[in-house]
Amino acid sequence: VVDQFGVDAVLDTGDITDWGSEPENRLITTVGTLDVPYVYIRGNHDSAATARLISEQPNASVLAGDAVTIAGIDIIGIPDPRFTPDKSTGDDDAGDEVLVNSGEALAEVAEALPERPDVALVHDPKQAPPLDGVVPLVLAGHTHEREVAAMDGGSLLMVQGSTGGAGLRGLQGEY
């Protein structure tokens, strides 16, 4: 995608893996071969090990309730607070409140900065409403369906859908 579209940076809103597993994580080092900055937040399918491996790449920034500036663009981001592939954590049963709370925490980060950030990265669009009116643009993923909507407070929410493959889930199923 970087080469095909000649992008200047990649903003990844998570779910780079299906289960955050070791076989999947072996591919994470390819992020370091990209010749552009890579800004990432962990999705609900990405493990802490996945986020750590990305953070070790020379071109990568992993946001966890903090900010980075890339090419003059101020970006804040927060990971999905859930890790749903591991059913033993109970995260897959967590209600929307944990998502809203993480969005509120990121809004507090934005409001504490000396300059208003340009972009906020969240994984689940349900994290976005507390950022409405705080940042002009919120990028999300999770639903794997592209959607662009103006929120009531004037911020634009863009859910980009999937740009990659199906991951290991592509191997599941009868066929």
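Predicted model: local features only at pLDDT ≥ 70, side-chain atom pairs only at ≥ 80, totals over all residues.
Start with helix α4. This helix runs over residues 96-112 and has 17 residues. From its first C-alpha to its last it reaches 25 Å. That is close to the 24 Å expected at 1.5 Å a residue.

Now look at which way α4 faces. Its buried residues are Leu99, Ser102, Gly103, Leu106, Ala107 and Ala110. They cover an arc of only 145 degrees around the axis, so they sit on the same side of α4. The face turned away from that buried side carries the exposed residues Glu97, Glu108, Glu111 and Ala112. What covers the buried residues? The cover includes strands β5 (73-77) and β6 (119-121).

The next stop is the largest nonpolar core. This core has 16 residues. Within it, Leu131, Val135 and Val138 have the most contacts. Three elements each supply at least two residues of this core: α4, β7 (137-140) and β9 (156-159). The most comes from α4, which gives three residues. In soluble globular proteins, nonpolar side chains tend to be buried together.

Leu131 shows what such a position looks like in detail. Setting aside residues up to four places away in sequence, Leu131 touches Ile76, Gly103, Leu106, Ala107, Ala120, Val122, Val138 and Ser155. Val138 is one of the residues with the most contacts inside the core.

The model also has a second, separate core, of 11 residues. Its members include Val2, Leu53, Ile54 and Ala60.

The buried residues of α3 are Thr50, Ala51, Leu53 and Ile54. Their arc around the axis is only 160 degrees, which puts them on the same side of α3. They pack against α2, β2 and β3 (60-62).

Asn25 lies in helix α2. Is Asn25 buried or exposed? Asn25 is buried, because its relative accessible area is 4%, and buried means under 20%. Its side chain is joined to that of Thr50 by a polar contact of 2.6 Å. Thr50 is among the buried residues of α3. Leaving aside neighbours within four places in sequence, Asn25 is in contact with Thr17, Gly20, Ser47, Ala49, Thr50 and Leu53.

Leu27 makes a contrast. Leu27 lies in the loop between α2 (22-25) and β2 (38-40). With a relative accessible area of 58%, Leu27 is exposed, because exposed means over 50%. Leu27 and Leu53 are 26 residues apart in sequence. In space, their C-alpha atoms are 9.8 Å apart. Leu53, for its part, is buried in α3.

Finish with another asparagine, Asn44. Asn44 lies in the loop between β2 and α3. At 3% relative accessibility, Asn44 counts as buried. Which side chain does the side chain of Asn44 meet in a polar contact? The partner is the side chain of His123, at 2.8 Å. Not counting residues up to four places away in sequence, Asn44 touches Asp15, Asp80, Arg82, Phe83, Thr84, Pro85, His123 and His142.

Terms used. Residues numbered from 1 in each chain as written. Heavy atoms only, no water. Helix = DSSP H or I, 4+ residues; strand = E, 2+ residues; numbered from the N terminus. Buried < 20%, exposed > 50% of the residue type's maximum accessible area, 1.4 Å probe, protein only. Expected span 1.5 Å × (residues − 1). Arc of directions from axis to C-beta. Contact = heavy atoms within 4.5 Å. Polar contact = N/O pair within 3.5 Å; in protein donor to acceptor, adjacent residues only side chain to side chain. Core = buried A, V, L, I, M, F, W, Y, C linked by side-chain atoms within 4.5 Å.
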